Amino acid sequence: MIIKNFDPQHFVKEYWQKKPCLIRQFVPNFVDPIDENDLAGLAQEEGVDSRIVSHSDGAWDVHQGPFDDFEPYCKGDWALLVQGVNNYIDDVNALASIVDFIPHWRFDDVMVSYSTKNAGVGAHTDQYDVFIIQGKGSRRWQVGLPIDATTNAKLIIPHPLLKQIEDFDALIDEVLLPGDAIYIPPQHPHKGMTLSPCLNYSLGFRAPTNLEALTGLLDESDSITQAQSRYCDPDIAELRVASSSPMQVSTNELNKLKDTIVELLNSPEAEQALLQYLSRQGLATEQELSLYEIADISEAVAQGETFEKLPGVKPIYAERQLHTFTFYIDGNRFEVDKSIFTQTVTLLESRQVQGLPQGFTLQTAQSTHWLNLLLQLVNAGYWDFAENSDQH
Ligand code: SIN
Ligand code: CO
């Protein structure tokens with residue numbers, strides 16, 4: 001349960017979604033990408049999901065951000081927790097690449113917490129997998145055997161915004177130091193208790209239930225409605241017994257209707273709708289984007305301007321591609337010519353790009369495809385001129 005030399009392949013085989021483990025020096029020579037002041041700054045912003053959990057004189061208190069003032073809430077032992085920090089701070093987003101052995105569609109966000117001595121959110125379970133990386137300071141982590149989702153007998157609600165469970169027998173009970181990490185699969189009880197003021201980075205994963213995936217894909221109505229067909233029964237004589245009550249729905253009829261649902265689910269359109277749904281991240285892109293023309297982008301690229309992907313942007317695409325290369329970002333569909341597949345994937349993977357892809361020259365079909373793609377990504381708010389660029 002304690003891993004010293006982390007090997008992703010061994011990890012996914014032995015631990016992922018199976019059992020918790022402690023990974024010593026998961027991030028060797030760890031340097032915190034932010035500090036508590038940066039975190040407090042984020043917690044002041046509208047649209048950023050933050051909370052302060054405090055424990056004072058035996059009572060728990062929870063306050064939801066944004067915060068104008070921290071003092072009234074930071075009582076006793078307290079922790080400030082901020083969700084989705086990877087969507088705002090590029091170096092925190094870069095930290096998440098350490099778990100790239102798990103696909104991006106399973107990734108949720110990086111939650112960062114700052115906690116004072118003895119603080120924590122108490123013993124609890126989460127529905128999702130998480131890697132909690134220890135930043136500065138130190139924390140004692142305890143993790144137990146999974147709790148059946150149907151048994152809520154152990155649930156304690158010390159505050160309407162806080163779900164805890166009774167203390168549990170710990171399988172892992174260790175002190176984490178900077179760069180160490182703990183992996184916790186869903187439903188495993190865990191509890192962190194701060195030994196010296198510390199930062200923790202929770203790289204969280206999500207998995208939809210089949211019902212969520214089904215309703216999610218149905219909500220992507222642009223793609224799925226094209227594949228619908230209406231139930232028809234010219235074969236009604238074979239589907240039901242003539243003498244049966246008109247109130248009765250025959251098993252054959254039910255099966256036939258279910259088959260049409262499966263047919264819809266198996267359509268290429270449903271696959272696209274599913275991808276579209278899986279790509280949704282709830283990114284907060286700039287509301288008032290400057291819309292560029294292709295000439296602006298071509299000129300900027302020719303002049304060697306740098307373009308950068310915004311923090312948290314996670315494109316996804318299906319292994320199986322048809323006539324064009326299709327990918328999705330946060331529910332938006334992009335299609336490019338297959339001839340620039342490699343250069344597109346490189347662009348999507350890179351934090352920054354400068355100039356045309358290697359081997360491309362201006363005014364060729366391939367470079368035009370690529371520049372048009374960059375234009376679409378910039379105009380959609382997912383890529384931008386780099387910070388130091390004149391256009392910014
Ligand atoms: C924390 O960082 O304090 C909470 C992380 C967790 O247990 O989910
Ligand atoms: Co947790």
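Reader: What makes residues count as being in contact with Asp129, and which are they?

Author: Contact means heavy atoms within 4.5 Å. Leaving aside its neighbours within four places in sequence, Asp129 is in contact with Trp16, Gln17, Arg106, Tyr183, Ile184, Pro185, Pro186, Leu203, Gly204 and Phe205. This is a predicted model, in which local features need pLDDT of at least 70 and side-chain atom pairs count only at pLDDT 80 or more, while totals for chains, interfaces and linings use all residues. Residues are numbered from 1 along each chain as its sequence is written, chains are lettered from A and ligands numbered from 1 in the order in which they are written, and side-chain values use heavy atoms, with hydrogens and water left out.

Reader: Why is Asp129 called buried?

Author: Buried means under 20% relative accessible area, exposed means over 50%, and partly exposed lies in between (1.4 Å probe, protein chains only). Asp129 has 2% relative accessibility, and therefore counts as buried.

Reader: What makes the pair Asp129 and Gln17 a polar contact?

Author: A polar contact is a pair of N or O atoms within 3.5 Å; within protein, one must be able to donate a hydrogen and the other to accept it, and residues adjacent in sequence count only if both atoms are side-chain atoms. The side chains of Asp129 and Gln17 make such a contact at 2.8 Å.

Reader: Where does Asp129 lie, and where is Val130?

Author: Helices (H or I, at least four residues) and strands (E, at least two) are DSSP runs, numbered from the N terminus. Asp129 is in the loop between E6 and E7, whereas Val130 is in strand E7. Val130 has 9% relative accessibility and so counts as buried. Among the residues that Val130 touches, not counting those up to four places away in sequence, are Ile182, Tyr183 and Ile184.

Reader: How do you know which atoms are the protein donors of the cobalt ion (ligand 2)?

Author: Donors are N, O and S atoms within 2.8 Å of the metal (3.2 Å for Na, K and Ca); water is not among the atoms, so sites may look incomplete. The protein donors of the cobalt ion are His124 (NE2), Asp126 (OD) and His190 (NE2), at 2.0 to 2.1 Å from it. Their spacing in sequence is H-x1-D-x63-H. His124 lies in the loop between strand E6 (107-115) and strand E7 (130-134), and His190 in strand E13 (residues 190-196), so this pair ties together parts that are 66 residues apart in sequence. Both His124 and His190 are buried.

Reader: Which residues surround ligand 1?

Author: A residue is near a molecule or strand if one of its heavy atoms lies within 4 Å of it. Ligand 1 is surrounded by Leu81, Met111, Ser113, His124, Asp126, Arg139, Trp141, His190, Asn200 and Ser202. A polar side-chain atom of Arg139 is 2.9 Å from an oxygen atom of ligand 1. For His190, a polar side-chain atom lies 3.2 Å from an oxygen atom of the ligand, and for Asp126 an N or O atom of the side chain is 3.4 Å from one.

Reader: Is Ile34 buried or exposed, and what does Ile34 touch?

Author: Ile34 has a relative accessible area of 5% and is therefore buried. Ile34 lies in the loop between strand E2 (21-23) and helix H2 (36-43). Not counting residues up to four places away in sequence, Ile34 touches Leu39, Val85, Ile89, Val92, Val112, Leu199 and Tyr201. Ile34 and Leu199 are 165 residues apart in sequence and 9.0 Å apart in space, C-alpha to C-alpha.

Reader: Why is Gln248 called partly exposed?

Author: Gln248 has 43% relative accessibility, and therefore counts as partly exposed. Gln248 is found in the loop between helix H6 (236-239) and H7. Gln248 touches Arg240 and Glu253, residues up to four places away in sequence being left out.

Reader: What is the strand order in the open sheet of three strands, and which strands stand at the edges?

Author: Two strands pair if DSSP finds at least two bridges between them. The order is E18-E15-E19, with antiparallel pairing. Strand E18 (352-354) and strand E19 (383-385) stand at the edges with a single partner strand each, so one side of each is left without a neighbour in the sheet. Strand E15 (residues 306-309) and E19 pair in the antiparallel sense over three bridges, and Phe307 stands opposite Phe385 in E19.
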